[in-house]
Number of protein chains: 2
Amino acid sequence: MRAWHFAERPDGEPTLDSFELREYERPTPRHGELLVRVRYLSVDPYMRGRMRDADSYAEPWAVGDVLRGGVVGEVVESGSDRYAVGDLVAGRGTWAEYSVLDADDATPVDPEVADLPAYLGVLGMPGRTAYFGLLDVAEPRPGDTVVVSGAAGAVGSTVGQLAKLNGCRVVGVAGTDEKTAWLTDDLGFDAAINYETTDDYRAAFDDAAPDGVDVYFDNVGGPITDAVFTKLNVDARVAVCGQIAHYNAEAVPTGPRKLPQLIASRATVKGFLVTDYATRADAARERLEGWVRAGDISHRETVVEGLEHAPDAFLGLFSGENVGKQVVRVAE
Amino acid sequence: MRAWHFAERPDGEPTLDSFELREYERPTPRHGELLVRVRYLSVDPYMRGRMRDADSYAEPWAVGDVLRGGVVGEVVESGSDRYAVGDLVAGRGTWAEYSVLDADDATPVDPEVADLPAYLGVLGMPGRTAYFGLLDVAEPRPGDTVVVSGAAGAVGSTVGQLAKLNGCRVVGVAGTDEKTAWLTDDLGFDAAINYETTDDYRAAFDDAAPDGVDVYFDNVGGPITDAVFTKLNVDARVAVCGQIAHYNAEAVPTGPRKLPQLIASRATVKGFLVTDYATRADAARERLEGWVRAGDISHRETVVEGLEHAPDAFLGLFSGENVGKQVVRVAE
């Protein structure tokens, strides 16, 4: 079978040089494991952190290993009573045609609720990230103005819709007119800002968030975040989910100091990781499945065809190629 | 009587040009008010913010007004049943020989517990700032490493001692060897860093906080804060009390971006104002009086003699002249 091997650590912006497609023996599942034929593979911004050889929350990828990532596929060999051959499952696998999953970590996929790729997006790790980051970390209240950066991504698009369900005014920030139109026309966002065509971010937020910002869900960092911090209301809450604008930085990035802005606003800024909410992951997925089934939460996936294009799909995350969740179709 | 008049708003570093000592009629208290002969007057870093004509949590001072500030003194005329002539009280007054206080806002002063200036420091607003900022905002746990900047000031010296009472390892940052010696030798801090004689702040924290930082109580901002943020442990809490390093900045100060550091650490950064805890102010003062009486919390005041030197005392805050609380003796 074919799988992607991690060839070298990037400096700054990653390139195709970090990836090498190789032939491997198809692995054999042990007790408690499942062999899955991968249908869809997930590429996510957090993977840039794992390419770095530094202490972080996740073990860095070792050069020479097969790349790891979320997958959805069909069980072809089962070492667990929990799943039978033919079952559809999602879980943590590899960038490969076949992947061994830990049965305890896998989750069932119900194609009646949504197509398979959604289980890598709104019904997978990104959806849970939105759920816990918004509801547990940012604690939105009805009437709050909620700003989301990276709003047309898998996490951001779910955050904005959850905030609408919570009775908030929602402002999304994204990088194309197609994306901002999706946010306002299809997802019910109250306003959306195209940061690529906006010169003055502060003026844009004056228009889009005239009563200031109560919650900021930040996936991006950089100048958008700088502008939002000047608009924080008293008791504002900032959930720091990602900082994709800085992931490829070769030196420590600098910008306006933000701590002085937190005193008068008594704002709270908190970083979080979805993995800290693992004990509630099933409950969150079931809630999200309910909203998707009821049509309360819409979702979209951008599909790149073929395992051989997985690195392109990953690199495209940093130029904002994806609308909604970026996935790779490995097999039908 | 003499009082200080706010003559002009400073740009950047304030100078004596902002202050003018004038003769005024002695004011008359109305119903619910007290006329107090001022014994001691407080100068505090937050006053720099009130000199700025900008939206903030406090009404800016109006040019031409008498300057306002905390005072302790003796009631010479009472419009309230709560206090009699001769009582010692503390409250919000003016930079003047006589001051009218709101009786509801005044607090009784007990010279058996501590000398009068302590009621402007550990038993006044700075002590309450330390109490609520550490205990409510930063929530220290036994065994935590707590770092305090501005540690030899009125707030910082109380924070460190409260953290010791909570079973924490405490590291203070201050600007002279006299101050660091006071922290470690008299107040029981576990370590202290003199930032004026330290070249490499990160190395200094590697030594002083070898297990990383669980709580950072920030009075200062700037490069000390930049170094502490690189040492935050998982679940760290940062209470942003003051940012004196930036109060005189003429443009928005820049520095290393901190949001990327909050994700892996899941740290929480929160600004606060002591005024938000007004309903619990009396309870806090009583707790602090108990600790001072029992000798569990020590305090120190730096006294400048004479109302005519109040502006010098204020300006000295920005060069770190004070050890403990800076006060001005107006009358004996």
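1. Four salt bridges are found across the interface of chain B and chain A; a salt bridge is a side-chain nitrogen of Lys or Arg within 4 Å of a carboxyl oxygen of Asp or Glu. One joins the side chains of A:D276 and B:R266, at 2.7 Å from N to O. The model is predicted, so local features need pLDDT of at least 70 and side-chain atom pairs count only at pLDDT 80 or more, whereas totals for chains, interfaces and linings use all residues. Residues are numbered from 1 along each chain as its sequence is written, chains are lettered from A in the order in which they are written, and side-chain values use heavy atoms, with hydrogens and water left out.

2. Between chain B and chain A, 14 residue pairs are in polar contact, both residues being at pLDDT 80 or more. A polar contact is a pair of N or O atoms within 3.5 Å; within protein, one must be able to donate a hydrogen and the other to accept it, and residues adjacent in sequence count only if both atoms are side-chain atoms. On the side of chain B that touches chain A, at least two residues each come from α6 (222-229), β12 (232-240), β13 (254-256), α7 (259-265) and β14 (268-271). The residues of this side comprise 18 nonpolar, 10 polar and eight charged (Ala, Val, Leu, Ile, Met, Phe, Trp, Tyr, Cys and Pro count as nonpolar, Asp, Glu, Lys and Arg as charged, and the others, Gly among them, as polar).

3. In total, 36 residues of chain B are in contact with 36 residues of chain A, contact meaning heavy atoms within 4.5 Å. The area buried between the chains is about 2,800 Å², and carbon and sulfur atoms give 61% of it. Buried area is the accessible area (1.4 Å probe) that two parts lose on being put together, summed over both.

4. Strand β14 (residues 268-271) of chain A pairs with β14(B) in the antiparallel sense over three bridges; two strands pair if DSSP finds at least two bridges between them. Within this pairing, A:K270 stands opposite B:T268.

5. Chain A contains nine helices and 16 strands; helices (H or I, at least four residues) and strands (E, at least two) are DSSP runs, numbered from the N terminus. The C-alpha trace of chain A spans about 60 × 45 × 35 Å along its principal axes.
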